[in-house]
Amino acid sequence: MPVQRLNHAVLYVRDVERSVAFYRDALGFETVMGMRGAAFLQAPGSTNDHDLGLFEIGAHAAPSPAGRTSVGLYHLAWEVDTLDELERVAAKLGDLGALVGSSDHGTTKALYARDPDGLEFEVSWLVPAALLTDEILAARASIRPLDLTADKERYGAQTRGGVGVSIPV
């Protein structure tokens, strides 16, 4: 049986309470279990035991050199159901000073942000399989600026993303 999906991610952070507060405020994650120096968070509506584990290593920790001087993880990506939700998350990340970019990848509409430790993550909406066209598929070859207003007009603000792609029909 092939791998089905990512069940959870685990991050080393400087201050677990600060990171818990960030992921709660930014993405609505809730703590499902915690202990000294560690927390396990679940995304709203998730059926996973937890989606994100956080382990504190202390204020002395250096920034991750991954992608600059070493190999390592670039970012995690979480998916939202609608373009309205992507727009709400964009505003929240902007308010928190965490939003660092956004892109239109044709089949994926993406936001990029950094947590308090500078770890990058993505929040995205996927064009449902039933709405994919040759034009949209070809657009994956380039990266364009994200235009949520135009995308909401084209696909619908409440259209469930990922249907047939990441959400089985």
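On a 1 Å grid over the protein atoms alone, a pocket is an open set of points with protein on both sides within 12 Å along at least five of seven lines, a cavity being a set where a 1.4 Å probe fits but cannot get out; lining residues have an atom within 4 Å of a point. Grid points are joined across faces, edges and corners, and a volume is the space filled by probe spheres set on the points. The model is predicted, with local features needing pLDDT of at least 70 and side-chain atom pairs pLDDT 80 or more, while totals for chains, interfaces and linings use all residues. Residues are numbered from 1 along each chain as its sequence is written, and side-chain values use heavy atoms, without hydrogens and water.

The second largest pocket holds about 560 Å³ of space. Its lining comprises 26 residues, with Ser-64, Leu-73, Gly-118, Leu-119 and Glu-120 closest to the centre. Strands S1 (9-13), S5 and S8 each contribute at least two lining residues, and the largest contribution, four residues, comes from S1. Helices (H or I, at least four residues) and strands (E, at least two) are DSSP runs numbered from the N terminus. By class, the lining of the second largest pocket has 16 nonpolar, five polar and five charged residues; Ala, Val, Leu, Ile, Met, Phe, Trp, Tyr, Cys and Pro count as nonpolar, Asp, Glu, Lys and Arg as charged, and the others, including Gly, as polar.

Of its 35 lining residues, Ala-43, Asp-51, Trp-78, Glu-79 and Val-80 lie nearest the centre. At least two lining residues come from each of strand S5 (76-79), helix H2 (83-95) and strand S8 (120-126). This lining consists of 16 nonpolar, 11 polar and eight charged residues.

Asp-117 is located in the loop between strand S7 (108-114) and S8. Asp-117 is classed as buried because its relative accessibility is 12%, the class requiring under 20% relative accessible area, with exposed over 50% and partly exposed in between (1.4 Å probe, protein chains only). Beyond four places in sequence, Asp-117 touches Val-13, Arg-14, Arg-18 and Ser-19, contact meaning heavy atoms within 4.5 Å.

Val-165 follows helix H4 (148-155) and, at 46% relative accessibility, is partly exposed. The C-alpha atoms of Val-165 and Gly-53 are 26 Å apart, with a sequence separation of 112 residues.
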